[in-house]
Amino acid sequence: MIRFEGAAKRHPDGTVAVRGLELDVPAGRTTVLVGPSGCGKTTILRMVNRMVVPTAGRVLLDGADVAGLPAAGLRRGIGYVIQQAGLFPHRRVIDNVATVPRLLGWDRKRARARAAELLELVGLPPETARRYPAQLSGGQQQRVGVARALAADPPVLLMDEPFSAVDPLVRAGLQEELLRLQAELGKTVLFVTHDIEEAVRLGDRVVVLREHGEIAQLADPHTLLTAPADADVAAFLGRDRGLRGLGLRPAGAVPLEPLEPSHDGWQLALDPEGRPEHWVRGAERHPAPVFAPSRDSLRSALDAALLAPSGLAVAVDDAGRAVGTASRAAVVEALARSQETGTAPKPPESPEKSPETPDAEQVPHAGR
């Protein structure tokens, strides 16, 4: 666990960056610091690995005051991910990832084997290992940065706006990857962002900060969105916080209907493996938005239903195969039930495929 006990930072010119912070960061959970620019988020995070030294108070790591620990050893035992990855441009990817194990005395073969294992863990193909950072996309570089931070299997991971420099599509993929990794590894993560949507998606607990690192509210994402502490927090969360709350409720709560040959004249075109491709009506052809009940949120389901010309979101399994559909009304009904109970209702059983359900060959592929 990380504990801040009256931690403060005053710069030599008298500027107060952080004033008397009292905060516990639970082990094995993700705690997100969020707030406007200049509120002290990054200063707080860097106090943990002593890249910023508090001028008052102290920071404890598993009960030990970090001020009394050797700085180099402390930093080698903490994973650290920053914006734009911070990779060494003159070193190949595999050697970037192996940096900390090598500093800890691992031999080259063992360190590279660990690096290769981690590159696979973060979803990068084996050929990435021999490339240089400049040969990678921004998203790939960030994945390498996460792999490097995990290389020595540190119990603590500090992440300072790691996904802010990539485009929204890549960011969503990286966030999903982090959620998967955290579910598998259970690290103590302290994550800094200015994006409230990212905060509520990734955090087990979200700390909203005011000026000087003062805590405006500390809560789980659901409580934060539904019961902001005051008008300032509500304003920071934005007027669409209710919609953001949809992202916290599982799409498995949505009742599914069997696939039908057509709906209001629209036919669903499937590929040979049964994966949705397009909605087709005469000469019209539109993408078929999908959601995965096993892993997506009600927000994803509603978005897919709103975008579909048929008004039906297509539900897919983990292999991307169509397993049913959900109307806009069904998604809204699931949301209403979850709000009444305060929790997401039990997911309904997936519908059995009816005899009339079209196979891929029965639905024409427009444009082929």
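**View 1. Overall fold of the predicted protein model.** The protein is built from 13 helices and 16 strands, and its C-alpha trace spans about 70 × 55 × 30 Å along the principal axes. Of its 368 residues, 47% count as buried, while the accessible surface comes to about 17,700 Å², of which 51% belongs to carbon and sulfur atoms. Among contacts between residues at least 6 apart in sequence, 64% join residues at least 24 apart. The mean positions of the 44 positive and 46 negative charges lie 9 Å apart.

View 2. Just after α7, Gly 186 takes a positive phi of about 60°.

**View 3. The buried and exposed residues of α7.** Arg 171, Leu 174, Gln 175, Glu 177, Leu 178, Leu 181 and Gln 182 are the buried residues of the helix. Seen down the axis of α7, these residues fall within an arc of 165°, so they line one face of the helix. The face turned away from this buried side carries the exposed residues Leu 169 and Ala 183.

**View 4. Packing partners of the buried residues of α7.** The strands against which these residues pack are β3 (30-34), β7 (156-160) and β8 (188-193), and the helices are α5 (108-121), α6 (138-150) and α8 (196-202).

Key:
Residues numbered from 1 in each chain as written. Predicted model: local features only at pLDDT ≥ 70, side-chain atom pairs only at ≥ 80, totals over all residues. Heavy atoms only, no water. Helix = DSSP H or I, 4+ residues; strand = E, 2+ residues; numbered from the N terminus. Buried < 20%, exposed > 50% of the residue type's maximum accessible area, 1.4 Å probe, protein only. Contact = heavy atoms within 4.5 Å. Areas by Shrake-Rupley, 256 points an atom, 1.4 Å probe, with all protein chains shown as cover. Lys, Arg positive; Asp, Glu negative; His and termini not counted. Charge placed at Lys NZ, Arg CZ, Asp CG, Glu CD. Arc of directions from axis to C-beta.
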